[in-house]
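Please read the points below with the model open.

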Amino acid sequence: MPAARATVWRTWQTTRRAYPWTYAVGTVLPAALTISLGYLGYHAIGGGEVGAGFGAGSGTTAYLAYLAVGATAYQFTVRLILWSAKALITEQRQGTLGALLIAPAPRLPYLLGFTAFAVLSSVAEFLTLAVVIGALGISVPVASPIGALAGALALIAAVFAISVGLGGLMIAAGEAHISQNTVFVVLGLLCGFTFPRAYLPAPVQWLAEAFPTTSAMDVLHGSLTGGHHLADLAPRLATCLALTAVYLLIGLKTLPYAERRAVERTY
């Protein structure tokens, strides 16, 4: 798709001239600190053991591996949202949103191109976490490499679908920080990134099922620390893909109205 390729190339040219180090450090460092503090608490407070409730809820007693996967996935999610959901409002702040809206190119390829670059750059940044995990001696088991790959791709797709609708909300409201931080908190608390959802009250667990990132993390955790194979995780993967399609459809349907509202506010 020419629009997607052009977006990747333009974003690369912009980024290599002025790399957003604050975003990179602001997302990678919290993951490193979370894993390090978890390591300290696990050994200094927990005595190297976990409660029965954690094992029953997570499917594993490898707490540090579970935390490493979850903290990395969560901050990767935050990083993608900071790139993908804020693509349009960044255009708005730079004064180029009007030119983008009248350009003879669909919006979906533009957003896909932006997200593709975000994924590639974020993967390179988060490789530094492997140094922290290795230095702490944390070993992450891989029960199903194919399942782990499917879980990672499902998580990327889920975050992209959420970002499309969130990006529309940002340009319609003319603000980003309240919207994005609210999403970060909700996803971090509900979707089972760093602790089992069984710790949450039953109504909140049901609410968590409304987010595609929840089932994506079930696949990712299950294929790594949970000891499951892809066939075992197929129902959760299907749930994730179905919810992702719904979120993406809603986001694309509402995006023109958000763009119209952004133009009305600006001009």
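1. Basis of the note. The model is predicted, so that local features need pLDDT of at least 70 and side-chain atom pairs count only at pLDDT 80 or more, whereas totals for chains, interfaces and linings use all residues. Residues are numbered from 1 along each chain as its sequence is written, and side-chain values use heavy atoms, with hydrogens and water left out.

2. Helices here are DSSP runs (H or I, at least four residues), numbered from the N terminus.

3. Leu 88. Contact means heavy atoms within 4.5 Å. Not counting residues up to four places away in sequence, Leu 88 touches Leu 97, Leu 100, Arg 107, Tyr 110, Leu 111, Ile 171 and Leu 255.

4. Helix α7 against helix α9. Helix α7 (residues 107-126) packs with α9 at an angle of about 130°, and their axes are 11 Å apart. Axes are lines fitted to C-alpha atoms, for helices over the stretch in contact, and angles run from 0 to 180 degrees between N-to-C directions. The angle makes α7 oblique to α9; angles under 35 degrees count as roughly parallel, over 145 as roughly antiparallel, 65 to 115 as roughly perpendicular and the rest as oblique. The crossing of α7 past α9 is right-handed; a crossing is left-handed if the near helix is turned anticlockwise from the far one by less than a right angle, and right-handed if clockwise. On the α7 side the contact is made by Leu 108, Leu 111, Leu 112, Thr 115 and Val 119, and on the α9 side by Ile 156, Phe 160 and Val 164. These residues divide into seven nonpolar, one polar and no charged, where Ala, Val, Leu, Ile, Met, Phe, Trp, Tyr, Cys and Pro count as nonpolar, Asp, Glu, Lys and Arg as charged, and the others, Gly among them, as polar.

5. Helix α4 against helix α7. Which hand does the crossing of α4 past α7 have? The crossing is right-handed, and helix α4 (residues 63-84) packs with α7 at about 140°, with the axes 9 Å apart. Among the contact residues are Phe 76, Leu 80 and Trp 83 of α4, and Phe 114, Ala 118 and Phe 126 of α7. The contact divides into nine nonpolar, six polar and two charged residues.

6. Helix α9 against helix α12. α9 and helix α12 (residues 212-224) pack at an angle of about 165°, with their axes 8 Å apart. This makes α9 roughly antiparallel to α12, and α9 passes α12 in a left-handed crossing. Residues of α9 including Gly 147, Ala 148, Gly 151 and Ala 152 meet residues of α12 including Ala 216, Met 217, Val 219 and Leu 220. The contact comprises 13 nonpolar, four polar and no charged residues.

7. Ala 118. Leaving out residues up to four places away in sequence, Ala 118 touches Leu 80, Trp 83 and Ser 84.

8. Tyr 39. Tyr 39 is found in helix α2 (residues 21-44) and, at 28% relative accessibility, counts as partly exposed. Beyond its neighbours within four places in sequence, Tyr 39 is in contact with Leu 64 and Leu 136. The C-alpha atoms of Tyr 39 and Ala 68 are separated by 9.6 Å, with the two residues 29 apart along the chain.

9. Gly 134 and Ala 198. Gly 134, in helix α8 (residues 128-135), counts as exposed because its relative accessibility is 52%. Ala 198 lies in the loop between α10 (177-190) and α11 (202-208). The C-alpha atoms of Ala 198 and Gly 53, 145 residues apart along the chain, are separated by 8.3 Å.

Terms used:
Helix = DSSP H or I, 4+ residues; strand = E, 2+ residues; numbered from the N terminus. Buried < 20%, exposed > 50% of the residue type's maximum accessible area, 1.4 Å probe, protein only.
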